[in-house]
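Subject: Structure handover

Hello,

Here is the structure I said I would pass on. My notes on what turned up in it follow below.

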Amino acid sequence: MSQETKHSSSFGLWLPAMASAAAAVARMVNEAVSLLVFIVLDLLDALLCFVYKMADYVMEECKPCYCSSSFNSSSDDDDDVILVAEKGGSKLLSLTSSASSDDTKLHLEDISDTLFLRPCLLADLAQAALHDLRKLKLVSSVASSSSSSAASSSSATTTFTTNSAIVRVLRGKVGRARGKAATRGASSRSWTDCACESCNHWSSPSGERDALFVHVEGPKGEKVAEEDVVFIHGFLSSSAFWTETVFPNVSEAAKSRYRLLAVDLLGFGRSPKPPESLYTLREHVEMIERSVLRRFQVKSFHIVAHSLGSILALALAVKYPGAVKSLTLLAPVISDSAQSIMFPYFPVPKGEHGTHYVLRRVAPRRVWPLMAFGASVLCWYEHISRVASLVLCKNHRRWESAFKFVTRNRSEYAYFVAGIFSLSHG
């Protein structure tokens, strides 16, 4: 064997080891930099919390933050909801009453406790250090006993019961809230909102404050559509996602057969943005029922949904299995590290807190990759996210113009969904 062959063989043996060492160093650097960056973000978010509370107090009124685990629905605008803390999560007890009848419904639904409790990185580090110390038996038995008693007391609250007296009290609160809602108008707009007509259409005298905005296209004249298609947009979007990209590419022949209904979800676009709402799955589905299915007398329909809208589409399909003819879901799944497609399901290890475990998986508080960094900032830091919303949402018209100029007003989804209609019609 020649000397050159020996050198190449030894290099081939060292190459995997060098790559493994480089990857380990890169992970260590990523973790160290991430630790410093997210500690700074913890401090910045705490400072912004104080700044926004002062700004809200001066501009409008003091509002509670989701960053506090002691959040409670005690303000005048949301007397019809009570937050109940339970083991493994939180539940929202709400009472809804129809303005046209005396029917009152009591709802108890799950609310992720990460909405109200997202511990900062320093708190997580302190908890992890305390856990390690307990394993090494360096913590006194007094501390251990106190923690166990606290755990037992917290686990004792596992159920919530109510009786007719509470229902009567809640019914009175709903009646008062409904009376105030009738007189509530443009004052519901926050100082951070965009002032354009599109965003505040719902709060104007001509807007519908109790129904979603729905853009409808279909057969012209007296011709009746054969089928209905409901379009549901995703997060950080509106019905314009469909009306400005998909609808212009649907042929006239397809429009003569289908009635296309693109909805602005609760809190999006021209639909109402109630400050007392927690935008739960039930609220979204009920608003779609009221504003689309009942208002336009939709009996059977197809659903085309994107991202967040896919969850609502599935909920509607479960609730109306006989009415939903088809489901077209865009980006309802995620990719793992191996670039294979999987559903967003995370088996939680035994002993782990479910919601916090999933939150750490989705938003691992790392600066790299950039997708993880962006998700972490949005998920863990309410007030930094509010700054981003203030910059993006309040100036959305400028951003829309810039994106339309760069992309030439094209969308990959437009041709995909338009193709579906062409195939269906053909």
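Ring pairs join Phe231, Phe241, Trp242 and Phe247 into a cluster. Please keep in mind that this is a predicted model.

Aromatic pairs

The count of aromatic pairs comes to six. One of them is formed by phenylalanine 231 and tryptophan 242, whose ring centres are 5.2 Å apart. Their planes stand at 55 degrees, so this pair is classed as tilted. Phenylalanine 231 belongs to strand 5 and tryptophan 242 to helix 5 (residues 240-243), and the two are eleven residues apart. The pair thus links distant parts of the chain. Phenylalanine 231 and tryptophan 242 are both buried.

Phenylalanine 235 and phenylalanine 268 also form an aromatic pair, this one edge-to-face. The distance is 6.2 Å centre to centre, with 80 degrees between the planes. Phenylalanine 235 is in the loop between strand 5 and helix 5, while phenylalanine 268 is in the loop between strand 6 (258-263) and helix 7 (281-294), so the pair ties together parts that are 33 residues apart in sequence.

Are these two residues buried or exposed? Phenylalanine 235 has a relative accessible area of 54%, and because the cut-off for exposed is over 50%, phenylalanine 235 counts as exposed. Phenylalanine 268 comes to 14% relative accessibility, so phenylalanine 268 counts as buried, the limit there being under 20%.

Alanine 305 has leucine 329 in strand 8 as its bridge partner.

A charge over a ring

One further item concerns arginine 365 and tryptophan 380. The charged end of arginine 365 sits over the ring of tryptophan 380, at 3.8 Å from the ring centre.

Regards

Notes
Residues are numbered from 1 along each chain as its sequence is written. This is a predicted model: local features need pLDDT of at least 70, side-chain atom pairs count only at pLDDT 80 or more; totals for chains, interfaces and linings use all residues. Side-chain values use heavy atoms; hydrogens and water are left out. Two strands pair if DSSP finds at least two bridges between them. Helices (H or I, at least four residues) and strands (E, at least two) are DSSP runs, numbered from the N terminus. Rings of Phe, Tyr and Trp (its six-membered ring) pair if their centres lie within 6.5 Å; planes under 30 degrees apart count as stacked, over 60 as edge-to-face and the rest as tilted. Buried means under 20% relative accessible area, exposed over 50%, partly exposed in between (1.4 Å probe, protein chains only). A charge sits over a ring if NZ of Lys or CZ of Arg is within 6 Å of the ring centre and within 35 degrees of the ring normal.
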